[in-house]
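Hi there,

Here is the structure I promised to pass on. Have a look, and then read on for what turned up in it.

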Amino acid sequence: RKTTLAMTPSQSEQGSGERSKAHKDAAQGGGGTHDREQQRPKEKQGQYQHSQLLYTSRGTTMLLDASEWDRLSRNAVSNCSSLHFDHEPRCFFAPYSFDGGEHQSPFMHAILVLQVYFDSAGRTPTPLSTLRVGEAALLRKAATPWSIGDAVQMRNDVRERYAALLGAGVCAQDIAVVPSCSYAMSLAANMLSHKLVASRCAVLVLEGQNHSNVMAWQVLCRRRGGDLAIVARPADGDWARAVLSRLNANDVAVCALPPCHWCDGAIIDLVAVSEACKSLDVSLVIDATQFVGAGGVLHAKALGAAVVASSIHKWLLGPYGAALLYVDAALYETATPLEHHDRNREGADLVECLPMGDAGYPEGFMPGAQRLDSGGRPSYIVMPMLRNSLDLILDLGVQRIADTLREITSKIRERAAALGFKVPNAHVPHIIGLRCAAWMPSAEEIVRRLAQLPRPVIVAERFGAIRISPYLHNTDADLDCLLEALENALGGSDEQGHSDGGRNDAIGSSDDA
């Protein structure tokens with residue numbers, strides 16, 4: 001795809017101005033039912049304008065005009081030494097365009113010139129406009145520490161935007177802001193501990209499930225004398241059927257699941273699971289970190305979820321430092337937070353310091369799920385950056401993002417299967433995990449070989465799967481480079497002596513992976 005001059009928000013840190021017409025056209029171009037269901041919260045937007053490009057080299061950040069960008073982008077790969085790149089990752093920033101380039105989106109992403117980055121499930125590149133907001137926040141505290149912006153309002157804005165990603169019926173009052181997904185799940189375990197009784201004391205999780213949504217339940221089961229029911233990876237890849245079979249034992253109190261498996265993107269049909277949970281009075285807890293923002297709209301209310309949590313540094317395009325937590329009203333209205341502090345108490349939003357009386361400080365909670373917010377003032381850096389990134393996701397439309405990424409992973413799936421890799425029967429649009437046939441090197445070895453190429457290709461190994469997770473920064477050239485690297489990585493294995501028939505046998509056995 002043609003690289004064009006980046007645009008930066010002139011007032012993004014203030015959230016003022018109006019979107020350019022091209023930006024508005026791009027944001028409204030999807031027109032699908034998902035786009036209508038996730039209406040963007042009303043707020044004046046940063047006005048995007050042509051500006052210089054941000055370039056990082058040897059720890060120094062520079063702004064380049066168009067001619068300098070053109071020279072560096074052409075020379076970076078062919079003559080790296082003259083640019084003093086060493087072997088460290090360097091990045092340029094440029095916009096990604098939807099719909100064949102008719103409209104240039106102001107959604108900025110790093111284009112990794114010397115590395116091909118396909119590990120967005122680990123962390124996504126930071127949009128340029130979000131980077132600008134973070135820089136402005138740091139500068140504001142350095143220059144005017146007495147006035148660093150209304151981080152409380154920014155946090156409330158974040159609640160509103162996350163709610164818009166969770167489907168109909170979810171509102172800002174249902175959202176808490178906490179430090180991490182593991183914190184969110186520890187909170188969920190506390191709120192649902194009463195569900196574990198003698199006749200129903202199991203918590204259901206998946207084999208190889210991310211630890212953030214397992215370890216809190218391990219501790220709860222040990223404390224309450226319950227059982228951690230681990231559903232084994234099904235041979236046919238149908239996680240939902242395996243989960244439903246385990247639920248039939250009628251001893252499960254809590255079902256703690258993701259919408260997709262973090263190792264290979266395999267889909268868990270939460271609609272089918274949720275219907276069973278409702279009929280059996282099982283609480284459904286969802287770690288949506290690897291789904292919300294790129295996989296489509298997750299309809300929390302329709303699923304009857306008790307809790308939905310998402311870390312912000314992956315598909316929500318934020319920095320590290322927070323997770324967003326949806327809690328069903330029936331649960332948060334009587335819930336006790338993990339920590340006690342003044343910021344979630346009634347009246348804290350009206351005064352700098354709550355008054356202290358003879359009995360101590362006021363203990364009444366603010367309304368809604370914010371009673372579960374973690375302590376301390378909201379970050380004046382993280383909250384505005386996250387708000388900006390959520391704005392970009394909502395403007396582009398989650399379904400359009402998912403459709404775009406599905407095109408990439410579909411091509412990866414087709415080529416990988418032809419090479420003999422085993423692929424999931426069904427996976428989310430933005431993550432696909434490849435499992436190695438018996439004659440191939442191990443997944444860990446292939447990932448290592450890709451990372452050691454002259455132009456490294458960055459993917460991840462997770463529990464035996466080569467996890468590939470593209471995002472909007474990835475180009476057609478990146479995809480070609482990835483597929484070529486995968487094929488070349490198979491060289492030097494035990495493939496020698498295998499006929500084409502041997503490869504076909506490996507492909508044919510993919511269902512048992």
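The buried residues of H5 are Ala151, Met154, Arg155, Asp157, Val158, Arg159, Arg161, Tyr162, Ala163 and Ala164. "Buried" stands for under 20% relative accessible area, with exposed over 50% and partly exposed in between, using a 1.4 Å probe and protein chains only.

Before going further, a word on the source: this is a predicted model, in which local features need pLDDT of at least 70 and side-chain atom pairs count only at pLDDT 80 or more, while totals for chains, interfaces and linings use all residues. Residues are numbered from 1 along each chain as its sequence is written, and side-chain values use heavy atoms, with hydrogens and water left out. Helices (H or I, at least four residues) and strands (E, at least two) are DSSP runs, numbered from the N terminus.

Back to H5: 10 of its 14 residues are buried, which leaves the helix mostly covered. The cover over those buried residues includes S8, S13, S14 and helix H12 (382–396), where contact means heavy atoms within 4.5 Å. H5 (residues 151–164) lies across S8, S13 and S14 and runs at about 120° to S8. Such angles run from 0 to 180 degrees between N-to-C directions, with axes fitted to C-alpha atoms, for helices over the stretch in contact. The end C-alpha atoms of H5 are 20 Å apart, in agreement with the 20 Å that 14 residues should span at 1.5 Å a residue; the expected span is 1.5 Å times one less than the number of residues.

**The sheet**

Which strands does the helix lie on? H5 lies across S8, S13 and S14, and these belong to an open sheet of seven strands with mixed pairing, in the order S8-S14-S13-S12-S11-S9-S10. Two strands pair if DSSP finds at least two bridges between them. S8 (175–178) and S10 (227–231) are at the edges with a single partner strand each, so one side of each has no neighbour in the sheet. On average, neighbouring strands are turned by 20° against each other, direction ignored.

Five of its five residues are buried, so S13 is largely enclosed by the rest of the structure. Val307, Ala309 and Ser311 are buried on one side, and Val308 and Ser310 on the other. S13 (residues 307–311) pairs with S14 (residues 323–327) in the antiparallel sense over five bridges; serine 310 stands opposite leucine 324, and serine 311 has alanine 323 as its bridge partner. S12 and S13 run parallel, joined by three bridges, with aspartate 287 opposite alanine 309.

**Aromatic pairs**

How many aromatic pairs does a search of the whole structure find? There are two, counting rings of Phe, Tyr and Trp (its six-membered ring) with centres within 6.5 Å; planes under 30 degrees apart are stacked, over 60 edge-to-face and the rest tilted.

Tryptophan 262 and phenylalanine 463 have ring centres 6.2 Å apart and planes at 70°, so this pair is edge-to-face. The two residues are 201 residues apart in the chain. Tryptophan 262 is buried at 16% relative accessible area, whereas phenylalanine 463 is exposed at 57%.

For tryptophan 315 and tyrosine 471, the centres are 5.7 Å apart and the planes at 55°, so the pair is tilted. Tryptophan 315 is in the loop between S13 and S14 and tyrosine 471 in the loop between S18 and helix H15 (476–489), so parts 156 residues apart in sequence are tied together. Tryptophan 315 is buried at 0% relative accessibility, and tyrosine 471 is buried at 0% too.

Best wishes
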